[in-house]
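Please look through the sequence and the model below before reading my points. I have set them out one by one, so that each can be checked by eye.

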Amino acid sequence: MFEVPLPSAKSPHLRRAGSRPIFTDQGLVFLTEVNEMKSPSMAASGVAMMPSPVFLWRFKVVLFLLWGISCCKIGWDSVMRMNADKRDLFLYEAFLYFNPLLLVTLMVWLWGVNLWIFSHSSVNYAKVFDLDHTHLTHREIWKCATWMIIIVPTSMAAYLYLYSHGEVSLAASQPVILYAAILMVLIFPFEIFYLPSRYYLLRTVWRIMLPLQAITFSDFFLADIMTSMSKVFSDLERSVCRMVNKQVATIAWFEADSVCGSHSVVIPVVLVFPYLCRFFQCLRQYKDTRERTCLFNALKYSTAIPVIFLSALKYHVFPDSWTKFYRPLWLISSVINSLYSFYWDVTRDWDLSVFTRIFKFKNPHICTNLLYGRKWVYYWVIGSNLIFRCTWTYKLSAHLRHNYLTVFTITALEIMRRFQWIFFRVENEWNKITSSKPSLELSGNEIPKEEDRLLGSATHNV
């Protein structure tokens, strides 16, 4: 319907998936497949022997569908084998272990979509995030997400099947093995599984946890994404807690005195931790720049703290005290946090002027043709951001901790809101960079100066 133009081969933020860089007299060159180095005769014979790409793609789609149907069938049959009075607890525990990884997979998929659109536009995201030539492309991001969406549901189906058939010890080992494997992949110190990108992520997380240095765009950007995934971190903590205390594949955690249950004081601490990280980042930036805007930004993140801890008091006060005193305070703090965050998204993170050019990239793109100039886009962007902000705050309500499907849906919607936020935030940052240096040619091979990367400069604010 609409033809998406191919980006230039010299685009600084595009690299062919699976390629490796070499340096020649002509500059940086990427070698892709080994077949490209073969002689024409060898290449021709290889093409004749290999099936067509369309056939391979269809074959993969068929295998993927068969796998998905098989996992759903096994999971459904396993759930139906459980007694009706234990079925809800059974599903809740299964969701506790696997829904955080499913939501992380969704975020990875959507991040790949972000990069795909940026790679076909004028937004040089490699320059914005200060990435080198080894950064992952959208194809490689989608490859990682594909493996995640295969491994996580497979482990979940195995857990349901083994537990429902009485193999409790084997069922308990499934989430433990899955979490251990993911951790090993992240910290594996060898040149496999995209080592530079993995360590770039780990370094950024470390800088977020200890903001003792000047804040870069990547630092605050990832910290903002972490605030949208605070419930994911909370479920991860509860899952690891159950694994450490050997409570996997039991219902002991549902009791009031369980160390990993809903009464745990660790839950609000984990929920508030991403907001505290972002709060201290703003204070650090104010120390570097002395701009009052940083203090107002810090105030925005501080409004999430009373929302989280007032909600947690439901499990530690009498019901009458919660209903008559603490719940009204929680509602007031929720409204303040939602409206303040919504205002900041539109006026600061996105810049009001962005609404004159929604998805209007300098280079034509399918999104330009579909979205630009349509009024419903403006209403959707503003309205959905406000609604999702309010529902995200409502999710922190203590009485929703056992409504796993509701919480899962709300968290997925918040991830969608963050995915939408990324488009405007990164474009706005790129506009700041280009407007501050109109005479400088911005290229991916350019080595940025330290003062250009720091967000403390007056033209490069958070």
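1. Where is the place of Thr303? In this predicted model, Thr303 sits in the loop between helix H11 (292-302) and helix H12 (304-312). Thr303 counts as buried, because its relative accessibility is 11%, and buried means under 20%. The side chain of Thr303 reaches the backbone oxygen of Lys300 at 2.5 Å, and, leaving aside residues up to four places away in sequence, Thr303 touches Ser333, Ile336, Asn337 and Tyr340.

2. Side chains of opposite charge can pair when their charged atoms come close. The count of salt bridges in the model comes to eleven, and one of them joins the side chains of Asp77 and Lys73, at 2.6 Å from N to O. Both residues belong to helix H2 (residues 53-81), where they are four residues apart, about one turn of the helix. Asp77 is partly exposed, with a relative accessible area of 33%.

3. The side chains of Glu93 and Arg242 also meet in a salt bridge, at 2.6 Å from N to O. Glu93 lies in helix H3 (residues 84-119) and Arg242 in helix H9 (residues 230-244), so this pair ties together parts that are 149 residues apart in sequence. Glu93 is buried at 1% relative accessibility, and Arg242 is buried at 0%.

4. Arg389 forms a salt bridge with Asp345, with the closest N and O atoms 2.9 Å apart. This pair links distant parts of the chain, since Arg389 is in helix H15 (residues 375-395) and Asp345 in helix H13 (residues 319-349), 44 residues apart. Salt bridges that share partners join Asp345, Arg389, Glu414 and Arg417 into one network.

Note on methods:
Residues are numbered from 1 along each chain as its sequence is written. This is a predicted model: local features need pLDDT of at least 70, side-chain atom pairs count only at pLDDT 80 or more; totals for chains, interfaces and linings use all residues. Side-chain values use heavy atoms; hydrogens and water are left out. Helices (H or I, at least four residues) and strands (E, at least two) are DSSP runs, numbered from the N terminus. Buried means under 20% relative accessible area, exposed over 50%, partly exposed in between (1.4 Å probe, protein chains only). A polar contact is a pair of N or O atoms within 3.5 Å; within protein, one must be able to donate a hydrogen and the other to accept it, and residues adjacent in sequence count only if both atoms are side-chain atoms. Contact means heavy atoms within 4.5 Å. A salt bridge is a side-chain nitrogen of Lys or Arg within 4 Å of a carboxyl oxygen of Asp or Glu.
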